[in-house]
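Good morning, colleagues. Please look at the sequence and the model as they come up.

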Amino acid sequence: MATLSYSYKDKALLIDEVKERIMRQTLEALFFEDIIKATKTGTDWFFNGKSAKGDIIHYSCKADVKWSFGRIKIEKKSIKREGEEFTNLYLFLEEIIQNNVTGSYTSQFIHELLETLVKDHQSKQFQVDQIPEQDKYYEVLESHMVDGHPYHPSYKSRIGFSLADNFDYGPEFNQEVSIYWVAVNEQLIDVNTLKKMSFEEIIKHHVTNEDKYRFLQVLKEKGCEEKNYVFLPAHPWQLENKILSLFVQQLIDKDIVILGTANSTYRVQQSIRSLSHRENAEAPYIKFPLSITNTSTSRILAHHTTQNAPLISDWLNKIIQDDSLLKKEKFQILREVMGISFRYDKLNPIQYDMTYGTLGAIFRENVSTYLEDNEEAWPLNALSHTQKNGEPFIKAAIEQYGVEAWSEALIKVVTFPIIHLLFAHGIALESHAQNIILVVENNFPKRMIIKDLHDGVRYTPDQLLKPDWEPKLNPEPESHRKFNRYSFIQAKDAAEVRDYTYDAFFFICMTEICYTFEKFGLSEIDFWSRCVKTIAAYQHDHPEFKERFEMFNLFSEAALIEEMTKRRIYGDGQLYFRKTKNPLLLTWSEMNGKK
C-alpha cells in the first residue's frame, strides 16, 4: 500500500469528518423511516439514546424536514450528547442503535457502519483537492466520485475487502487492475449476446491475438485437448478469494482452468465491480460478480440476470429506435452486449448454494460509442459532488450559464426520457444517479444515456405499449427470490412500476440534485416546480396517453418509498415501503391553487 504524506492531525480531522457524516446520515435515515422518534422545537430536535445500564441519554441536533419527500436534513456538526458537541461514533452506535433499537440485524448494521468508517477514511486520504481538467471525462470522473450513496448509512462498507483490497480495487484509488481469464468447459457455461453480435467480436477488445495464443498454450501444457472451452474474465479479488476455493473440484477435473492475466489494464468504476479498459476506448465495460457486501447488498451476478441482459438491451433498443420522441431527444442506453455465466444447475445442491452468482460477467457498451464531437459525458452524481476544497463540481458550469438556465435544461434532459418510458411504454428504469450519464456540450446539459439494465427494469406485461415485443426472459429461480425479494422485473401492478421510477429517480436522484441547486440559490419549491412543469408539459403535448397518466400517476398520495435502513435492521422477512410527502403532488397543488 502506498505511503501517505498526511500528518496525524490531518488524519484525525479526516476520521472525525467521516464519523460525523455516518452519524448524521444514519440519524437522517432513522428519523425519516420512523425507527427512532424526536421531539422538535423549530430546528432543534431532541431524541434519546440508552446507556449499557439502561439510563436515558439525551441527544440533540439541528434538522429540517425538507420539501423533498419530507427528507430529513441534519445540519453538519450539530449533533450533541448531553448538551456537548459529539463525534464519538462508537458510543453513538452503542446508545442509539445497539441499546435503543430492537432488530434482528442491529449487530450486522453496526458492523456495516464501522466498515464504512475505515473504508471512507482510507479513501479520504487520497482525495485530490480539485478534479484536474484533464480528468473531466466519464471513465476518470467515475474514480473521483468518492462520496458513495447519499442516503444509505453504510454507503461504503465493502464487507469482504481488507484495507489492502480496498486500496487495490476501490475506484477512488484509480489503480491499474489486471483481470484474469479462465477457461470453462463449454458444457458448464451459458453465453448470450445481442442478436447482431458474436462472442468473438466482443472478446477481441479484451483478449488480443497474443493473449489468445498464450492462453491456448496454457491449455495445451495442462493436457486439456479433450474438452472445448469458453474464455471467461474473472475479477482478481474474486479469483483469489472465491473461485479457487469454491470450484476446487472443477479445477482438479480441468473443467475450469486458470489461464492468467491479459496484457490490458483496467480502471475501476464507482460501482466497484465494473471495470473499463484503459487503452481501448471502444472496449465494452465488464461487470463482474464480486462476493462482497456494499451498501448492504451482495454484489453477485445471478445466472438469469447475465442471460437476460442482452435480451433486455435488444428489447429496449428496439423501442428506442422505433420511438420518434426518444430519437429526437437522442436518448440512448448502454446496451449489455453479452452475458456469461457458469451453469450452477449442473452442481450438487451444496456446491450450488456456495457458488451461486460467483462466476460470470456482463459486457456493456462503452459510452464513447454514443458521444459526438464536442460532447463530454459525466456521471450524473457528479452534479452533487463537492470537491475536497469545498467547491461543487458544477460551479463553473453554473457560473457560465446561470442556475436558472442550467437547472431548467438539466431537468428537461433527464426527466423527459424517464417519464416517456413510464407513461408511453409502461417501463420503469432503476434511474438513480450512478446509472445515468449526462452528456454535456460546452458544460451545458444536452441529453442523457442510461446503463445497468439487466435487473434495473420493471414493467407489467399487459400494460406495455407493445406487449408483443416483450422479451421472453429467463425466470429467477426460487432460491434467488428468497435471497433478494426486491430483485424482480415483472411487477404485479402499475403502482409498483410507478414507484420504481418515483423511488430511484425522484426520491434519491433528483432530491440530491435539488439540494445541490439550493447552494446556488434555487429553492426546493422552484426546483420541483420545474419538474412538475416538465411533466405537465409532456402530458399536455401527449393527450393520447391520458389514461396512462392516471395509471402511472406521479402526482399520487399513495406513491411508496423503499425503507432501506429498516431492511438492514429488521431483515428481509417482509417488504418495507412507506408513504411520504410527494413534492410533485405538493408543488402541483400549490401551482394550481389547491390544498
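First, the basis of what I shall say. This is a predicted model, in which local features need pLDDT of at least 70 and side-chain atom pairs count only at pLDDT 80 or more, while totals for chains, interfaces and linings use all residues. Residues are numbered from 1 along each chain as its sequence is written, and side-chain values use heavy atoms, with hydrogens and water left out.

Let us take the overall form. The chain has 20 helices and 25 strands; helices (H or I, at least four residues) and strands (E, at least two) are DSSP runs, numbered from the N terminus. Its radius of gyration is 24 Å, close to the 25 Å that the globule rule gives for 595 residues, so the chain is as compact as a globular protein of that length. That radius is taken over C-alpha atoms, and the globule rule is 2.2 Å times the number of residues to the power 0.38. Along the principal axes, the C-alpha atoms fill a box of roughly 75 × 65 × 50 Å.

Next, burial and surface. Of the 595 residues, 58% count as buried. Here buried means under 20% relative accessible area, exposed means over 50%, and partly exposed lies in between, with a 1.4 Å probe and protein chains only. The chain exposes about 25300 Å², of which carbon and sulfur atoms supply 47%; the areas come from the Shrake-Rupley method with a 1.4 Å probe, and for residues only the protein chains shown count as cover.

How far apart in sequence are the residues that touch? Among contacts between residues at least 6 apart in sequence, 77% join residues at least 24 apart, a contact being heavy atoms within 4.5 Å.

As for charge, the mean positions of the 72 positive and 85 negative charges are 2 Å apart. Lys and Arg count as positive and Asp and Glu as negative, while His and the chain ends are not counted. Each charge is placed at NZ of Lys, CZ of Arg, CG of Asp or CD of Glu.

I now turn to the sheet. Four strands, in the order β16-β22-β21-β19, form an open sheet with mixed pairing; two strands pair if DSSP finds at least two bridges between them. Which strands stand at the edges? They are β16 (332–333) and β19 (375–379), each with a single partner strand, so one side of each is left without a neighbour in the sheet.

Five bridges join β19 to β21 (residues 436–441), and the two run antiparallel. Within this pairing, Glu376 stands opposite Val440, and Pro379 stands opposite Ile437. Four of the five residues of β19 are buried, so the strand is largely enclosed by the rest of the structure.

In the loop between β18 (360–364) and β19 we find Asp373. Is this residue buried or exposed? Asp373 is exposed, at a relative accessible area of 68%. Its C-alpha atom is separated by 23 Å from that of Phe393, 20 residues apart along the chain.

Thr501 is found in helix α16 (residues 494–518), and its relative accessible area is 0%. Not counting residues up to four places away in sequence, Thr501 touches Ile418, Leu422, Ala428, Leu429 and Phe506.

Ser264 belongs to the loop between β10 (256–261) and β11 (266–268) and counts as buried at 8% relative accessibility. Its contacts beyond four places in sequence are Val177, Ser178, His206, His277 and Glu279. Of these, His206 is 58 residues apart from Ser264 along the chain, yet their C-alpha atoms are separated by 7.1 Å.

His542 sits in the loop between α17 (524–541) and α18 (546–551), buried at 11%. Leaving aside neighbours within four places, His542 is in contact with Leu325 and Phe549.

Lys77, in the loop between β4 (72–74) and β5 (80–81), has a positive phi of about 60° although it is not a glycine. Lys77 is exposed, with a relative accessible area of 71%. Lys254 likewise has a positive phi of about 60° without being a glycine. Lys254 lies in the loop between α9 (248–252) and β10 and is partly exposed, at 33%.
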